[in-house]
Each structure stands twice: as structure tokens, then as C-alpha cells.
Amino acid sequence: MILKDLGKNLINTLDHLGDLTPHITKDGSFSLKNSYYRESFHSSTGARQEAEHKFLHPSEINRFLECKRINVLDVCVGLGYNSACIFEEIIKTPIHLNWWGVEIDKRPLEIALENTIFRKSWSLPVLKILDSIKETGQWHNSQSNGKVLWGDARRTIDLIPYSFTFDLIL
């Protein structure tokens, strides 16, 4: 019942989220501008560059090599850049990833995954994860698993078990 109600809220809320206009940032990466908020999803210098500098590098993924497990929460998944950078890094390690995402609007990820420039930015394993998130809201493979909760984060965050703790919050 809770998920059913969240679905209704998502549909009602999306009417007020504005139009999304694609554009290319200075680093050549794909991004979107939102008409409702009158701003871009990423800095003009670059979507990929921003995700790497603000999220990937500070996360210091190698510090999780000893425990071989990392739990990540991505609040406002958007186009998926922040998590995709983490996914790319995790693939190079023996670390197991447990990922949760919360996002109110499916459109940014859908639009990104239809764009050639965006798709060329990621390895095939990362694209498979992103495609699965878009199609089913989750994925599972031998090294990682994840689930996105579609809807207003102020409500959907409560669907994550209280006992679950996160090593990184994006």
C-alpha cells in the first residue's frame, strides 16, 4: 500500500518538475537543464568531471579493500553520473557493492541512456547496471547489487531498512 501511494505521489509531482533540455558541458559530457529550477544538473565545466571530483575522489574506494564490502546511498540519482563513477571504480576491485538510490524523476536517467555521448562514457558492465536500474529499478550480479526507490526521497528513504548503514552517501 505504501508503494502504491508513493506511485500516486510520483505521478502528481512529476507534473511540476519542469522540462528537461539536453546540453553538452565543457568536458564533452552530456547533461540536462531543468526549466522549473532554471538550472543545469551539473556545472558547466563538466558532468563527468564534477562527479569524479566531488564524489569519486573523496570516497577513496581503496580504503574499503580490507573489508571487501561497501554500502552506498545515492540521494537524487538524476542522470546517474555519481553512482556510475563509483560503479566503474568498484568493478576494478574485489569489493562487493550494496547500492541504494532514491530519485523522484525517472526522466533524467531515461534521457541519458538514450544519448550516445552518455553511453560512450561508460563501460559495458556499468551500462548494464544503469539499464537495469532504468528498466527494473534494481540489479544483481556476482560483485554488486542495488535498488532504486522511485519517488520523493523524503518518503522513500523510510523504505530502506533502519538497520542498514551506509559507508558513502552521494
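**Reading helix α2**

Analyst: In α2, the buried residues are A47, E50, A51, L56 and S59. Buried means under 20% relative accessible area, exposed means over 50%, and partly exposed lies in between (1.4 Å probe, protein chains only). Helices (H or I, at least four residues) and strands (E, at least two) are DSSP runs, numbered from the N terminus. The model is predicted: local features need pLDDT of at least 70 and side-chain atom pairs count only at pLDDT 80 or more, while totals for chains, interfaces and linings use all residues. Residues are numbered from 1 along each chain as its sequence is written, and side-chain values use heavy atoms, with hydrogens and water left out.

User: Against which elements do the buried residues of α2 pack?

Analyst: Contact means heavy atoms within 4.5 Å. The buried residues of α2 pack against β2, α3 and β8 (168–169).

User: Where is the kink in α2 centred?

Analyst: The bend at a residue is the angle between axes fitted to the seven residues ending there and the seven starting there. In α2 a kink of about 35 degrees is centred on H53. After α2 comes E60, with a positive phi near 45 degrees.

User: In which order do the strands of the open sheet stand?

Analyst: Two strands pair if DSSP finds at least two bridges between them. Here 3 strands form an open sheet in the order β1-β2-β3, with antiparallel pairing. Because β1 (20–24) and β3 (39–40) stand at the edges, each with a single partner strand, one side of each is left without a neighbour in the sheet.

User: How many bridges join β1 to β2?

Analyst: The antiparallel strands β1 and β2 are joined by 5 bridges. I24 has F30 in β2 as its bridge partner, and L20 stands opposite N34 in β2. These two strands form a hairpin with 5 residues between them, and G28 in the turn has a positive phi of about 85 degrees.

User: How many bridges join β2 to β3?

Analyst: There are 2 bridges between β2 and β3, which run antiparallel. K33 stands opposite S40 in β3. Their hairpin has 4 residues between the strands, and R38 takes a positive phi near 55 degrees. In β2, 4 of the 5 residues are buried, so this strand is largely enclosed by the rest of the structure.

User: Which residues touch the most other members of the largest nonpolar core?

Analyst: In soluble globular proteins, nonpolar side chains tend to be buried together. A nonpolar core is a set of buried Ala, Val, Leu, Ile, Met, Phe, Trp, Tyr and Cys residues joined through side-chain atoms within 4.5 Å. The largest core has 36 residues, of which I70, F87, W99, F118, W122, L130 and I133 touch the most other members. Its largest share, 6 residues, comes from α3.

User: How many helices and strands are in the chain?

Analyst: The chain has 7 helices and 8 strands. Of its 170 residues, 45% count as buried.
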